[in-house]
Amino acid sequence: MTEKSYSTSYKEAGVDVTAGYRSVQLMKQDVARTAIPGCLDGIGGFGGLFELNLEEYHHPVLVSGTDGVGTKLKLAFLMDRHDTIGIDCVAMCVNDVICCGAKPLLFLDYIACGKNVPEKIAAIVKGVSDGCVQAGCALVGGETAEHPGLMKEEEYDVAGFSVGAVEKEAILDQNTIQAGDVIVGISSSGVHSNGFSLVRKVFDIDHADLDGYADVLGKGLGETLLTPTRIYVKPVLSLLQQVKVKSIAHITGGGFYENMPRSFPKQFNAVIQKGSWNIPPIFPLIQEKGNISEHDMYNTFNMGIGMSVIVSPEDAEKTVKILNEAGEHAQIIGYLEAGDHSVVFGE
């Protein structure tokens with residue numbers, strides 16, 4: 001940036017353009033870590049350039065996903081920790097993209113803040129870069145906007161956008177699902193990035209002891225809740241190369257009841273076997289402290305399952321084995337039966 005690019009008047013109005021330039025300089029090294037084949041330029045241009053390698057595809061289809069982090073950000077404000085929230089932003093987008101069978105290729109972020117503190121913005125982007133590295137996609141650009149008078153100085157919001165690609169013939173097809181097909185659940189890392197308005201209410205988060213050790217959790221409440229959303233891209237892409245996966249669901253806001261039916265046709269039910277996976281202790285703690293019904297827990301949170309995969313019975317054990325060898329915790333949690341497009345729980 002030119003040394004002549006500054007505005008005293010704009011700074012007096014609450015926007016420091018030079019702080020924005022400083023943020024870009026601080027984040028460049030982290031952004032560079034995300035470069036993959038196809039990246040044509042670094043950050044700073046008006047658009048992020050990415051060249052799709054057409055030799056890898058016969059009939060490529062682009063798949064896009066966008067999301068934010070939501071009110072989990074409030075926890076980051078209270079703990080003054082900003083280097084992991086970007087992972088959540090990436091995860092919420094790329095985990096959706098792979099549900100089509102697509103490989104995420106690129107990511108862009110948008111950060112709106114009350115005041116641009118370069119070190120804070122750089123920490124947020126470090127998390128975004130960490131998430132992109134985990135997902136194997138490139139951070140090709142982004143935007144930071146200072147909003148004085150609209151947001152408090154210490155506040156910010158983060159959203160993102162991912163684009164992936166999949167061979168048209170490889171797009172996952174729910175029409176192949178049959179009664180008796182098996183549901184494999186992949187464990188979550190905790191609450192992920194959903195239900196935090198309820199979480200904040202249950203724990204009265206503005207006045208909670210976030211740093212104190214909690215025996216039931218084995219760590220502090222704040223550390224537990226701030227744990228980033230798990231990114232499933234690389235293990236799932238590996239699975240797709242070895243097993244005929246019929247459908248995938250990302251268990252986000254709306255929990256089991258809203259997300260699982262999106263992964264199978266209307267003439268089936270998902271029968272989920274309670275006790276087939278270990279529920280992280282944070283969820284029983286939320287339920288007990290908030291006096292929340294079991295239905296509302298499964299309709300709000302992931303309850304320890306961040307992603308589900310539907311496969312034929314003969315591929316179920318192989319699927320579990322592949323995912324576990326990739327570092328995930330996977331287990332058979334249910335099956336499909338004829339029904340009315342519901343999720344039902346059995347013992």
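UniProt lists residues 178-345 as the feature "domain: PurM-like C-terminal", in an unreviewed entry. The structure described here is a predicted model. Over residues 178-345 the chain is 31% helix and 23% strand.

Helix makes up 36% of residues 62-166, and strand makes up 36%. The end C-alpha atoms of residues 62-166 are 7 Å apart.

The whole chain was examined next. The protein chain contains 12 helices and 12 strands. The C-alpha trace spans about 70 × 55 × 35 Å along its principal axes. A compact globule of 347 residues would have a radius of gyration near 20 Å. The protein chain has 21 Å, so the value agrees with that expectation.

Of the 347 residues, 49% count as buried, that is, under 20% relative accessible area. The protein chain exposes about 16,400 Å². Contacts were then sorted by separation along the sequence. Among contacts between residues at least 6 apart in sequence, 84% join residues at least 24 apart.

Four strands form an open sheet with the order 1-4-2-3, and the pairing is mixed. Strand 1 (60-68) and strand 3 (138-146) stand at the edges. Each edge strand has a single partner strand, so one side of each is left without a neighbour in the sheet. From one strand to the next, the twist averages 15°.

Strands of a sheet pair through backbone hydrogen bonds, and the pairing can be parallel or antiparallel. Strand 2 (residues 103-113) and strand 4 (residues 156-167) run antiparallel. These two strands are joined by 10 bridges. In one of the pairings, Asp-109 has Gly-160 of strand 4 as its bridge partner.

Helix 5 (residues 118-135) lies across strand 2, strand 3 and strand 4. Helix 5 runs at about 165° to strand 2.

Technical notes
Residues numbered from 1 in each chain as written. Predicted model: local features only at pLDDT ≥ 70, side-chain atom pairs only at ≥ 80, totals over all residues. Heavy atoms only, no water. Pairing = 2+ DSSP bridges. Axes fitted to C-alpha atoms, helices over the stretch in contact; angles between N-to-C directions. Contact = heavy atoms within 4.5 Å. Rg over C-alpha atoms; globule rule 2.2 N^0.38 Å. Buried < 20%, exposed > 50% of the residue type's maximum accessible area, 1.4 Å probe, protein only. Areas by Shrake-Rupley, 256 points an atom, 1.4 Å probe, with all protein chains shown as cover. UniProt positions renumbered as here; feature names shortened; annotations may be inferred.
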